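Please read the notes below alongside the model.

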Amino acid sequence: MTSRSFKGEAVSPGIAIGTLCWLAAARVGDQTSRTDVNQADQLRAAITAAIAQLRLLASSLSGDEAELIEFQIAMLADDALSEQAFLDISQGMAAVAAWQKAMDRQIEEYAASEDDYFKARAADLSDIHERVLVELIGGDQTGQSIPPGAVIAAHDLTPSRFLQTDWDSGGGVVLTEGSAMSHVAILARARGVPMVIGVADLDAADTGVEPSVRIAIDGGTGEVCLQPDDAVLQRFAKRSAEQQAHQHALGKYLEQDAATADGHQVDVCINVAHESDVDHVNVAHCNGIGLMRTEFLFGNGLPDEETQFRAYRHLLSWAAGKPVTIRTLDAGGDKPVANLTVDGERNPFLGQRGIRLCFQHPDVFMVQCRALCRAAAHGNLKVMFPMIATTQEYARAEQFVFDALDQLRREHIVCRRPVLGMMVEVPAAAICIDAFDKPAFFSIGSNDLLQYLSATSRDDPSLRDIAEDCQPAMLVLIEQMMRIADERNQEVSFCGDLASQPKALAPLLRTGLRTISVAPAKLAEVKAAIGKIDTVAAPGVRGAPSGV
Amino acid sequence: MSGESQKDVLLTHAAGLHARPAVTFTKVAKSFMADISFSADAGASWIDAKSIVKVMGAKVPSGKTLMIKANGDDAERAVDALVSLVQADFEASSGELRRTD
């Protein structure tokens, strides 16, 4: 057959060239349930078995993939899902028919939704539907065996089928329908499997007869080509080579310490909020954790000492000796915590937040300090206090840590004094940084610092230009900080969003900053960007904020 | 703190009350003893906050104000916890849509 080209929606980047393999529907046994066993019991057993299978599957996954399966488990475990089916069964319907009827109706409701997101959830329900159905009447949900490196073609693909496929030898996915918001699209991106959807005119009838049809797909452009000729193959191969070179280059940056073009090493650490944030990060690719935000531990109420201790220790183990900097509870402002933060403040960003709030709730703060001091015995722990405005506040916060250590020692609980420092985000502290001789380190929280300096709210996009134009003011403060900290051997690092923006990095590095902390996903990009920066100052890089 | 409690909260999460937030929402709801329900429209029916199927089925888009009510011993704590969760953008667990600061 001759070469044919199609255009679909690019959903997961990458090039895949291989044998086209149409996916058969899951093989399901004959369509009636056993009549000798109570129908309701059969359905209950099938649902229970399906949940057990999903739990097993989830245990081998982590992060987003595990969460998608957790979602399926939660749906299956909810009585509301099978309510109608059990009702019909009690009226005499057979289990299979009742289950199919109940699920078809719910799947239809989602598929009919105008919201693309909810429409895509129909695929998750189909997945659950199929799994339980197979339990009820036998069959095999994994379907046919797929040759390694093949490009799977189907109408749509369930998350289960995707997860059960071995992608290690390459391969890709092309769907005649599908949705960019589907869970399987997320899975494909996470695994780096090229995927194109919406290729409506790709028809099994066209290709079904041929013993082996070759197909090339470009998950970055949406291009699909059946029986590609040499010209097409060359083009795809070139794109593939370019992408691989790019990935390889990024990979090289990841594996080495970052260094500027003029040879200064820059430590690049990561920002995390939850234990699982480090699951997919190789500790060798970064210089440690520059910021752990602890308020997310408090999302479901106040966690006890043990819960906190375990979370902190998990990160310290992962870091294997590299520094882990944990910020004490920074609630308030735009981060409410039940039973802790104040409701109805007129200016929450200027209100009872950060360390101030901890002073208002000394019992809560003490629990955190105890957990931190216990964790400190298990690794390289640095602790910093947020929103410090005065040296008195710093001394008071420090005292909590000393008191926690006293308590723990009296109780004969293993503990150690972590290295202590502070966030620099309140302008008064930044300007009078000279007075702060106790902290071992400073971490510049540019997100809040820039808000306060430019008197703009981060939440208002129309004010972003003003904030950006005020960066020179922040740079002045940073330069001052670098001079003073250098004399006193205090470390200075930077953990705001700006560090993840290559454009903003150059002026930051030129102040002398040599430690930054970024989102894990940005590691490669930031390290690569650092490599292109020359820290010898370009003329005119500093200036007063415009409009003064 | 027994009895009834009701509060309103604006749902700002980018994709509305979808899968991941819904799982977190129902998990938090289930940790309380009170009966908890919510409604996204005045006059619309109240939806059981502990049922993922019902919460998802409500298909609540971003920008809606959720009315959350609870009835039982820990009603007030339950409502406060859910309101906090929605305000914190469901960041009780990690995920793609994380606010940075």
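**Notes on the predicted model**

1. Arg44(A) forms a salt bridge with Asp41(A), with 3.9 Å between the closest N and O atoms; the term denotes a side-chain nitrogen of Lys or Arg within 4 Å of a carboxyl oxygen of Asp or Glu. Both residues belong to helix α1 (residues 39-59) of chain A and are 3 residues apart, about one turn of the helix. Helices (H or I, at least four residues) and strands (E, at least two) are DSSP runs, numbered from the N terminus. Arg44(A) has a relative accessible area of 44% and is partly exposed; Asp41(A), at 43%, is also partly exposed. Here buried stands for under 20% relative accessible area, exposed for over 50%, and partly exposed for values in between (1.4 Å probe, protein chains only).

2. On conventions, residues are numbered from 1 along each chain as its sequence is written, while chains are lettered from A and ligands numbered from 1 in the order in which they are written. The model is predicted, so local features need pLDDT of at least 70 and side-chain atom pairs count only at pLDDT 80 or more, whereas totals for chains, interfaces and linings use all residues; side-chain values use heavy atoms, with hydrogens and water left out.

3. Over all chains, 19 salt bridges are counted. In one of them, Asp218(A) and Arg239(A) bring their closest N and O atoms to 2.4 Å. This pair links distant parts of the chain, 21 residues apart: Asp218(A) is in strand β9 (residues 214-218) of chain A and Arg239(A) in helix α10 (residues 230-255) of chain A. Asp218(A) is buried at 0% relative accessible area, whereas Arg239(A) is partly exposed at 28%.

4. Arg374(A) and Glu306(A) also form a salt bridge, at 3.4 Å from N to O. Arg374(A) lies in helix α13 (residues 362-376) of chain A and Glu306(A) in helix α11 (residues 305-319) of chain A, so the pair ties together parts 68 residues apart in sequence. Arg374(A) is buried, with a relative accessible area of 12%, and Glu306(A) is partly exposed at 34%. A network of salt bridges links Glu305(A), Glu306(A), Arg370(A), Arg374(A) and Glu411(A). The charged end of Arg374(A) also sits over the ring of Phe309(A), 4.2 Å from its centre; the criterion is NZ of Lys or CZ of Arg within 6 Å of the ring centre and within 35 degrees of the ring normal. In chain B, Lys69(B) lies over the face of Trp46(B), at 4.2 Å from the ring centre.

5. There are 7 aromatic pairs over all chains. The ring centres of Phe365(A) and Phe385(A) are 6.4 Å apart and their planes stand at 70 degrees, so this pair is edge-to-face. Rings of Phe, Tyr and Trp (its six-membered ring) pair if their centres lie within 6.5 Å, with planes under 30 degrees apart counted as stacked, over 60 as edge-to-face and the rest as tilted. Both Phe365(A) and Phe385(A) are buried. Phe365(A) and Phe400(A) have ring centres 4.8 Å apart and planes at 55 degrees, so that pair is tilted. With Phe365(A) in helix α13 of chain A and Phe400(A) in helix α14 (residues 391-410) of chain A, the pair ties together parts 35 residues apart in sequence. Phe400(A) is buried at 13% relative accessibility. Ring pairs join Phe359(A), Phe365(A), Phe385(A), Tyr394(A) and Phe400(A) into a cluster.

6. His285(A) is placed in the loop between β12 (265-272) and β13 (289-293) of chain A, and is buried at 18% relative accessibility. Apart from neighbours within four places in sequence, His285(A) is in contact with Leu254(A), Glu255(A), Leu523(A) and Lys527(A), contact being heavy atoms within 4.5 Å.

7. Helix α18 (residues 471-488) of chain A has 18 residues and spans 26 Å from its first C-alpha to its last, close to the 26 Å expected; the expected span is 1.5 Å times one less than the number of residues. Buried residues of α18(A) include Met474(A), Leu477(A), Ile478(A) and Met481(A). Asn489(A), which follows α18(A), has a positive phi near 60 degrees.

8. Chain B has an open sheet of 4 strands in the order β1-β4-β2-β3, with antiparallel pairing. Its edge strands are β1 (4-10) and β3 (47-48) of chain B, each pairing on one side only. Pairing requires at least two DSSP bridges between two strands. β1(B) and strand β4 (residues 65-71) of chain B run antiparallel, joined by 7 bridges, and Leu10(B) stands opposite Thr65(B) in β4(B).
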